[in-house]
Amino acid sequence: MYKHDVIVVGAGGAGLRAAIAAHEEGADVALVSKLHPVRSHTGAAEGGINAALHPEDSWELHAYDTMKGSDYLGDAPAIDTFAKQAPEEVIQIEHWGMPFSREEDGTVSQRPFGGMSHPRTTYAGAETGHHLLHTMYEQVVKRGIEVYEEWYVTRLAVTDHDNPGDRECYGAVGYDIKTGEIDGFYASDGVVLATGGNGQAFDHTTNAIANTGDGQAMAYRAGAPVEDMEFVQFHPTTLPSTGVLISEGVRGEGGILYNSDEERFMFEYGYANNDGELASRDVVSRAELTEVNEGRGINDEYVDLDMRHLGEERILDRLENILHLAEDFEGVDGLDEPMPVKPGQHYQMGGIEVDENGQTCIDGLYAAGECACVSMHGANRLGGNALPELLVFGSRAGQHAAGGDLGEPEIPTGPGAQSEDGDVDLPVEPGTIGDGSDPVLADGGAVASPEQLLETAVENERERVETLLERDGVNHAEVRERVQKTMTENVNVFREESNIKEALRDIREAREQYQHVGVSDSSRTYNTDLIHTIETRHVIDNAEAIAIGALAREEFRGAHWRQQYQERRDEEWLKHTMLAWNDGSPKLYYKPVILEGHEKTYEPKVRSY
Ligand SMILES: Cc1cc2nc3c(=O)[nH]c(=O)nc-3n(C[C@H](O)[C@H](O)[C@H](O)COP(=O)(O)OP(=O)(O)OC[C@H]3O[C@@H](n4cnc5c(N)ncnc54)[C@H](O)[C@@H]3O)c2cc1C
């Protein structure tokens, strides 16, 4: 058993920031990550980090843009905390050596981004995330923070009190990918989940193969509710053949979208008469798909993104990476021709319910970064807001887990925050198949000591892994593909009731198949077959939660569009969708959105760009 004060699971942007903050608070902290830290998906972030740094900008404006972008589903205390703290976080990483792009006078450059009323996106070329990871990893190494890399965390050690609000988390169980060893990571002060997004629930995604929603599924199964999972961001500019992202930075620099008639459709058809290509992502994605559906798409599939008019010098200075991506993945030279683009899954706005200090309703369990929902992105995240979010709330989660005093949170979590029960007409039974027992929870209520609880969880995990290794069954890839395909076909940008129900039926069948999944590779060294098999159950849990939320929410808000309900319905739906895993099946309920901020109360308005 490995013992520390704070265990941070995941070493992407959120995990690294949390670990540094916990260390600064005086804790003995360790990072446990299935990937080497600098291979985390934060490294793929291209466009930038928003912060109100310019004298003519302000945190209030940034907060307002974020609330409007969220389609008024963000919680004001989270948004205000975020917008106030983002500048100091950006200055902090600058001091740690982040190589930001700069103006002639040496100030950090800031470019316009979708939905922002001021150019406030700082960046390092088109490789912002890569530099961010390296800058923070350097700080982790400098501080001597222990990193257990290529350790895959498979379950949490949480007590099993009936009320999740009474539960405690004492650590996590890890599988050493290099050796096959299974052991416990004991945390005396707290576990911070920073495991990233769940894009692998879809088959056309900008997310890496490792983004399987592990943290969301583990926390959910341990009793921490997941929030607003139906809000999935589809980015408007992904390469059609692979899903690789073409950064919003291209449109920020002046890139233009054209349909097959060479019309600048964002203006031509009135999708966003003011902001055009730089309208919020949900708006641009719907516009592109409408063009395709109305016969003005190219090859019935995509539209063109043209940056040739920006000129070679500017492109090479600010967007060179984009040229390589278009050339390598699509065979297109962005200096000479437009690049094909279409919407693809990109970001999960929902996630593990936390407060402004990163705490879930389970004592000692925290979450930060894309796996968490604080909630500041609400129904739609603005580009460039995820990286500052992981800095602000990663830092707060690490600090709080290590005993730092951040004051009482204003955002309630857990069953006590419920305002009403949910009711949804599901076509099939959701949740676990079989006896309903949940392998994440150990026999917590009765155990003699936290260490013993963790030992029990380790033993349970060893048994599960042995069973998977011994069983000759269905390959995980078959199950995962079934889920990904149905999610992309049926729970995409445009959503219809019958399609979402079809997806839920497919997911149920995938769960049935998963009962018979087996691992053909029996080795203990780098057994990716085993890792992907365990991940696939997380993919199923995430997909199901997204689809249930999508079916329940009968309105059009932000990234969530429903054919039968094409308008935002504040009277009924200004509330967060919550799913709690009770005895192996999801319970749906709602909690109110908080619009009362630090300085003012936000008034929901029509969202136009
Ligand atoms: C292509 C792309 C470009 C983007 N560009 C921008 C941008 O320009 N600006 C912006 O604000 N946002 C951007 N985003 C969004 C943003 O980059 C992500 O939301 C953010 O980086 C996620 O960081 P994270 O630390 O939460 O997760 P990640 O960086 O994905 O890190 C997750 C970590 O968890 C570990 N992990 C996962 N599961 C386990 C497990 N079971 N056990 C152990 N370890 C585990 C992984 O090894 C990894 O270290 C972009 C996203 C994508 C996909």
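User: A polar contact here is a pair of N or O atoms within 3.5 Å. How far is a backbone N or O atom of H41 from an oxygen atom of the ligand?

Analyst: 3.5 Å. The model is predicted, so local features need pLDDT of at least 70 and side-chain atom pairs 80 or more, while totals for chains, interfaces and linings use all residues. Numbering starts from 1 along each chain, and side-chain values use heavy atoms, without hydrogens or water.

User: What about S40 and G12?

Analyst: S40 places a polar side-chain atom 2.7 Å from a ligand oxygen. For G12, a polar backbone atom is 3.3 Å from an oxygen atom of the ligand.

User: How much of the ligand's accessible area does the protein cover?

Analyst: 97% of the 1000 Å² that the ligand has on its own (Shrake-Rupley, 1.4 Å probe).

User: How many residues surround the ligand?

Analyst: 38, with S40, T42, G47, G48 and E370 the closest (a heavy atom within 4 Å). By type, the shell divides into 16 nonpolar, 17 polar (Gly among them) and five charged residues.

User: Which elements give two or more residues to that shell?

Analyst: Helix 1 (13–24), strand 2 (29–33), strand 7 (151–158), strand 14 (339–348) and helix 11 (386–401). Helices are DSSP runs (H or I) of at least four residues, strands (E) at least two.

User: Switching to backbone geometry, which peptide bond is cis?

Analyst: The one from V374 to S375, with omega near -5 degrees. S375 sits in the loop between strand 17 (372–373) and helix 11.

User: And what is the phi of D228?

Analyst: It is positive, about 50 degrees, although D228 is not a glycine. D228 belongs to the loop between strand 10 (226–227) and strand 11 (232–238).

User: Last topic: are helix 13 and helix 14 roughly parallel or antiparallel?

Analyst: Roughly antiparallel (over 145 degrees). The axes, fitted to C-alpha atoms, of helix 13 (476–490) and helix 14 (497–514) cross at roughly 175 degrees and come within 9 Å.

Terms used: Axes fitted to C-alpha atoms, helices over the stretch in contact; angles between N-to-C directions. Parallel < 35°, antiparallel > 145°, perpendicular 65-115°, else oblique. Polar contact = N/O pair within 3.5 Å; in protein donor to acceptor, adjacent residues only side chain to side chain.
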